[in-house]
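Please look over the structure shown here before reading the notes, which take up domains, chain contacts, a helix pair and model confidence in turn.

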Amino acid sequence: MGRLKRWADQTIGSLLVLDTLLTYIFLYLPIGVLILYSFSASRYALVWGGFSLDAYRRLLTDPEIVSALLNSVIVATSATALATVLGTALALALERARIRWRGSIEAFVYLPIVIPEIVMAVGLLLFFAQVLRPLVSTVGLGISPPLAVIAGHITFSISYVMVVVRARLRDLDKSLEEAALDLGATPWQVVRRVTLPLLAPAIISGALLAFTLSLDDFYVTYFATTGGSGFKTLPLYLYALQGRAAIPPQMNAVASLMLVASLMLIALALLVQRRSYSRRA
Amino acid sequence: MTSTRTFSLVALAMLSLIGLGACASQQAHRELHLFIWANYIDPEVYRLFEQEFGVSIIEENFDSNETLRNKLQAGVTGYDIIVPSDYTVEVLIRQGLLAELDLSKIPNFQNISPRFRGLYYDPHNRYSIPYLWGTTGIGYNALKIETPPTSWADLFEPALLERYKNRVSMLDDPREAIGAALKYLGYSVNSTDPQALADARNLLLAQKPYLARYDSETYDDFLLTGDLVIAHGWSGEFAKARLENPDIHYSIPQEGGVIWADNLAILKSSHRIDLAHRFIDFLLRPQINAKIVNYLHYPSTNDAARPYILPEIVSDPAIYPPDEILEKLEWIRDLGEALALYEAVWDEVKSR
Amino acid sequence: MSTRTLLWPGLVWLLLFFAVPVGIILVISLGQRAPDGTIRWGFSLDNYLRLLEPLYWTGPFWNSLGLAALTTILCLVLGYPVAYSIARRSAAVKHLLLFFVILPFFTNFLVRIYAWFILLRPEGWIAWLLRSLGLDLALLGSPVGVLIGLVYGYLPFMILPLYATLERFDFSLVEAAHDLGASRWQSFWKIIFPLSRPGVIAGAVLVFVPVLGEFITPKLLGGGKVPMFGVLIEEKFLGRVPDWPLGAAMALALMILVSLVLARYFQQLKESRWVG
């Protein structure tokens, strides 16, 4: 019995490791391919044309790539920040407060996940062009393209953050919150001092999802930008690279550079973290 | 206390969203805004124009006429020049979105070949000037094919398709795919006869099991990688693929194919109509026009540009087809109500 | 102030930027396609009735449903062990491993699809490997290819919510159960899995629901040969023969259907909570 149990435990343990390993390999398989092909000499992204640094050379001489990258990061950061705040607040309210019309509100806040992206993009296109812009221009103001894009990204991200945060909130032990209330904390203090810290991993997870959604978005961005602004995020820049039917390898090079930049950022963060640890010690 | 802070934060965010845009819409210096197919003009040409006229060009892109129309019909403005294809010009004229051209401001219009003046969608070139054009036909890898395709039969006859099963692609485009089937059956690509369309639907359904994909974007890539052997597609793409691999060829089937043209047009909503005329005139200068053709390998409507175009482009029958083939080509027209027939056929072909 | 106030910012935002645009889509769905591809405004349910044609709900709808279900299951099978392994590490390693789950998605959607093109193409090495094993399987242009692409694209949407619920789990409890003689398998099914159920459900919602309306992956990796509901909708808005009213009706029908299912789920959840 004991031996069998130990054997079964070991098998399950190694299966777990194997599955995890396989999943990471699966995640990085296409990434390896795209890095490899960013060094291809061919003008076509799917064709291996021998080793070359041409794609990088062409990229680094293109001033537009820098502004596109910057735009993407600015849009993704601000959209993620706001969507995370709004989504977390929604999750808290829906999970912790007594609310009238709860059923309808619940179903409604899930809808942005249901709607196909192209339909939301077209809806926002018409909303901006026919409703919001005319309305805002009557008071002599306008909506700049980056702001319209950020608004769109917030809209499709809120629900994702909400779902992730609610999942953690659902079975979170209420006794801590109740204890704080008993000790005379206001509900708001409880949220800030007790609930939010406990929610941190879910908030981070939700924010990461919102960030990638924003970084990858094409349709909402494309249709939310007005005519003639020339405002381009990275996906719009890549769209402009493609031309009629050809996919130049610069696309792979852009993606590879994104990876390198993210890796450098995380390395920097780790370094700073370690230094602050050692200083404390 | 803190709650009001959060509230004012959100309110501030919403307000700034609306407010900040005010300044962004006012431009300090002269700009010209293009809404055009991606990668459709040699960047060098933009630089030359910017140098000569002191105007900076801002480009935005679309990848289909329908995307272009979606934006314009939704009421988006801010573009000066757009580059729609033939049938879309017709629709945009009818919707009153295009500005009337003043041809006296475009003296280089005289460079346009008589063959491309006054086309069906704009008989007096009041709104549009044809710029680049091309054809739809069959591209193939000569090394992997026994006999070069000369007829649409090579794309539609099961006996012939059997040899290249899962190595064939059709354009993911209802008018082009149904049009090719109609052409093979001996009808016009603009047929609205329900029987003809029913026949075309059956042909397409019989063809589907042999196809690797319906594809309008990456078929040239897959032809180059060897994953496709025959592809239904646009002449310009095959011409570009040929630079990469000389075994890629293009032929227009003997039954005839489709001809199309992209056009330069100015939007009625433009505030820079004068400058837009100058830009169009600039693009029609022979040397400038030739630069674009040499960059893209698409044929130009510009006769005067020919001496400056690379000889291998001018002499390539796949790019500039001979007159006897040109005679057999047909324009895809806007069919109004009858498009519903095409929609039904395509929904069925794609959903089965 | 109570936690109820927290509802308003998000709700107002969604009412303005989501409900109004969806309202516009609803109005469109009641109109008809005009001959020039624009909209002839009107008030009729014709487009919804058209959806009852078997053409639309047989192939495309069932394909979408089936692929969404398969994608969810595969994401769960692949993602759960990952989330579990990450959740058990120390704080520093945890964040690093989490970061490596999301890193591939900092590239670009289209570029990742093209990488899958290279991997899955008929002359590519995966197909060659399968052929040499005696498996002549079409990957591109088939539901298999679409499934691979969908699972890949949606994995983080399963892993992250799972991680978020597993992270708070006190693994010393499991050790205690072990000491008391429970096998790992037992402790997993009896202790860990039930407690992570909110995460499983959240992940399933974030994978299953968007896949129903997904169009880019099936269009590209399916080569237009795998009929799916989202692809049909996309064609109505961006295709050569546009039909916004029908596309709008399709999207709304999908939204109504899914929210009915979700509403039922919330009802059950509420009841179970009262009982609990």
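Chain C is divided into domain 1 (18-50 + 243-276) and domain 2 (71-242), the bounds being those of an automatic or database domain assignment. This is a predicted model, in which local features need pLDDT of at least 70 and side-chain atom pairs count only at pLDDT 80 or more, while totals for chains, interfaces and linings use all residues. Residues are numbered from 1 along each chain as its sequence is written, and chains are lettered from A and ligands numbered from 1 in the order in which they are written.

**Domains**

- The centres of domain 1 of chain C and domain 2 of chain C, taken over C-alpha atoms, are separated by 28 Å.
- Nine residues from domain 1 of chain C and 10 residues from domain 2 of chain C make up their contact, where two residues are in contact if their C-beta atoms, placed from the backbone, lie within 7 Å.
- On the side of domain 1 of chain C that touches domain 2 of chain C there are six nonpolar, two polar and one charged residues, with Ala, Val, Leu, Ile, Met, Phe, Trp, Tyr, Cys and Pro counted as nonpolar, Asp, Glu, Lys and Arg as charged, and the others, Gly among them, as polar.
- Chain A is assigned domain 1 (1-29) and domain 2 (64-280), and the C-alpha centres of these two domains of chain A lie 35 Å apart.

**Contacts between chains**

- Between chain A and chain C, 86 residues of chain A are in contact with 79 residues of chain C.
- On the side of chain A that touches chain C, α1(A) gives the largest share, 18 residues; helices here are DSSP runs (H or I, at least four residues), numbered from the N terminus.
- That side of chain A divides into 64 nonpolar, 11 polar and 11 charged residues.
- Between chain C and chain B, 27 residues of chain C are in contact with 34 residues of chain B, and α3 (54-57), α4 (59-87) and α13 (229-238) of chain C each supply at least two residues of the chain C side.

**A helix pair in chain C**

- The axes of α9 (residues 172-179) and α10 (residues 184-195) of chain C come within 11 Å and cross at roughly 145°, the axes being lines fitted to C-alpha atoms over the stretch in contact, with angles running from 0 to 180 degrees between N-to-C directions.
- C:Leu173, C:Val174, C:Ala177 and C:His178 of α9(C) make the contact with C:Ser187, C:Ile191 and C:Ile192 of α10(C).

**Confidence**

- Chain A has a mean pLDDT (the predictor's confidence in each residue, from 0 to 100) of 86, and 95% of its residues reach 70 or more.
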